[in-house]
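Subject: Structure for you to look over

Dear colleague,

I am passing on the structure we spoke about, together with notes on what was found in it. Please read them with the sequence and the coordinates open beside you.

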Amino acid sequence: MAAGSPAESQEALARLAAERVDHRFKGLPPDADGLTVGALAAQRRNLFTDGFTTPVLALSAERLRHNLELMETYAARHGLVFAPHGKTSMAPQLFRRQIEHGAWGITLAVPHQVRVAREFGIDRIFLANELVDAAALRWIAAELAEDADFRFICYVDSVRGVELMDAALRGTPRPLDVVVELAAGEGARTGVRTEAECAVIADAVARATTLRLVGVAGYEGEVPRADPERVHAWLRRLTALAADFDKAGRFTASGVEEIVVSAGGSAWFDAVADVFAEIPELSLPVLKLLRSGAYVSHDDGHYRKLTPFTRVPEEGALHPAFRLWAQVVSRPSPEQAFVNAGKRDAAYDLDLPLAQVVRRDGAERPATGVSVTALSDQHAWLRTTPQADLEVGDWLGMGLSHPCTSFDKWQLIPLVEADGTVVDYIRTYF
């Protein structure tokens with residue numbers, strides 16, 4: 001059963017430190033086998049000189065802290081409640097740090113992720129997805145029944161979905177809170193295509209005694225041919241839908257204390273802040289819920305280009321916190337080299353890794369003339385120009401694109417200070 005109280009939550013996190021280091025966790029020092037994770041962290045080993053093997057993914061302690069603080073400040077400045085998307089990291093230690101930095105709760109996508117979050121004491125969960133799995137619904141209903149402090153909200157986007165939820169939840173003591181998902185446009189992902197259909201689904205929710213309508217939501221990142229004008233226009237449709245539902249008395253009929261209006265991926269949260277600031281006074285307080293998740297580690301590719309902070313630099317800047325270290329294992333020609341990290345280790349669904357620095361004999365320098373051109377399962381293919389100073393045995397530090405598919409390749413990630421000292425290990429659950 002879930003860890004509900006703060007004390008139980010801390011106890012669950014403490015169990016992570018009691019886990020034994022062994023062959024499951026790649027990159028860790030072989031001579032650490034049998035130590036607990038906590039004991040290994042207490043040794044404060046150096047990533048480069050104390051036995052870590054390549055490839056190894058490192059998460060910057062300083063940059064992680066900066067990103068947590070920046071988004072906490074941003075949300076507060078714009079009057080937003082923040083529920084960062086936990087699917088990015090699936091790391092309970094990071095969930096807890098996000099909450100310590102002002103997060104209202106954690107957003108998730110599928111029932112397994114909810115189970116992980118509950119095991120580590122997360123008591124506010126926004127499921128940014130439809131949920132019609134009867135077994136998962138019954139489990140969530142049991143969690144709600146056992147823990148009065150647990151709040152759970154999920155999407156609905158069809159009458160059939162409402163009927164399936166109602167059938168699975170019959171006899172449960174607490175209604176399950178839902179928001180109607182407005183699609184981002186024709187051909188977009190999930191969600192209701194028209195406002196008229198949204199009203200039909202809201203009526204279906206009202207007829208289901210097991211459900212309670214608490215608001216509206218959607219994902220602006222799916223707006224077709226997204227640009228500032230189109231994204232702002234869709235967000236105004238979303239907020240207008242909330243106002244229309246409120247005018248029709250749908251929320252007061254549900255007996256809710258606040259109206260949830262939620263959006264916000266990692267590419268357009270500035271637009272969300274703009275439009276949510278325009279929400280008129282409604283009959284109840286409005287919970288303006290932002291769900292951006294990739295900020296926690298940021299990246300050196302996709303999100304570095306897309307982050308709203310490039311459009312509003314006066315708000316600050318996120319710092320890429322991941323670096324994948326691999327070792328040069330082959331230098332077959334002056335134009336080519338190979339390191340021992342590939343698709344099993346690095347995100348590659350959006351961009352290839354970016355060669356950044358080379359380490360040799362304790363000295364670090366820019367990876368001038370080195371670029372990653374392809375990945376095999378366990379090799380990165382490097383193109384090297386005459387300016388490249390690269391030898392077999394060198395360590396190559398690479399930046400990654402797309403945090404979600406970086407975290408999910410590593411079960412235990414060293415948290416590293418700027419001088420290479422490993423101060424903790426971040427456990428993931430994918």
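The notes below take up helix packing, the nonpolar cores and some loop residues in turn.

This is a predicted model, in which local features need pLDDT of at least 70 and side-chain atom pairs count only at pLDDT 80 or more, while totals for chains, interfaces and linings use all residues. Residues are numbered from 1 along each chain as its sequence is written, and side-chain values use heavy atoms, with hydrogens and water left out.

Helix packing

Helices (H or I, at least four residues) and strands (E, at least two) are DSSP runs numbered from the N terminus. Axes are lines fitted to C-alpha atoms, for helices over the stretch in contact, and angles run from 0 to 180 degrees between N-to-C directions. On that basis, the axes of helix H8 (residues 195-207) and helix H9 (residues 228-247) come within 11 Å and cross at roughly 45°. H8 and H9 are therefore oblique to each other, given that angles under 35 degrees count as roughly parallel, over 145 as roughly antiparallel, 65 to 115 as roughly perpendicular and the rest as oblique. The crossing of H8 and H9 is right-handed, a crossing being right-handed if the near helix is turned clockwise from the far one by less than a right angle, and left-handed if anticlockwise. Contact (heavy atoms within 4.5 Å) is made by Glu195, Cys198, Ala199 and Ala202 in H8 with Arg237, Leu241 and Phe245 in H9. These residues divide into 5 nonpolar, no polar and 2 charged, where Ala, Val, Leu, Ile, Met, Phe, Trp, Tyr, Cys and Pro count as nonpolar, Asp, Glu, Lys and Arg as charged, and the others, Gly among them, as polar.

H9 also packs with helix H11 (residues 269-276): the two axes come within 9 Å and cross at roughly 45°, which makes H9 oblique to H11. The crossing of H9 and H11 is right-handed. Among the residues that form the contact are Val231, Leu235 and Leu238 of H9 and Val272, Val275 and Phe276 of H11, and by class the contact has 7 nonpolar, 2 polar and 2 charged residues.

Nonpolar cores

A nonpolar core is a set of buried Ala, Val, Leu, Ile, Met, Phe, Trp, Tyr and Cys residues joined through side-chain atoms within 4.5 Å; buried means under 20% relative accessible area, exposed over 50% and partly exposed in between (1.4 Å probe, protein chains only). The largest core has 125 residues, and Phe152 and Leu176 are those with the most contacts inside it. A second, separate core of 18 residues includes Leu28, Ala41, Leu412 and Val416.

Loop residues

Most residues other than glycine have a negative phi, and most peptide bonds are trans. In the loop between helix H2 (37-42) and strand S1 (56-60) lies Pro55, which a cis peptide bond joins to Thr54, with omega about 0°. Arg44 lies in the loop between H2 and S1, has a positive phi near 50°, and is partly exposed at 45% relative accessibility. His402, in the loop between strand S16 (395-399) and helix H13 (404-407), has a positive phi near 75° and is buried, with a relative accessible area of 13%.

With best regards
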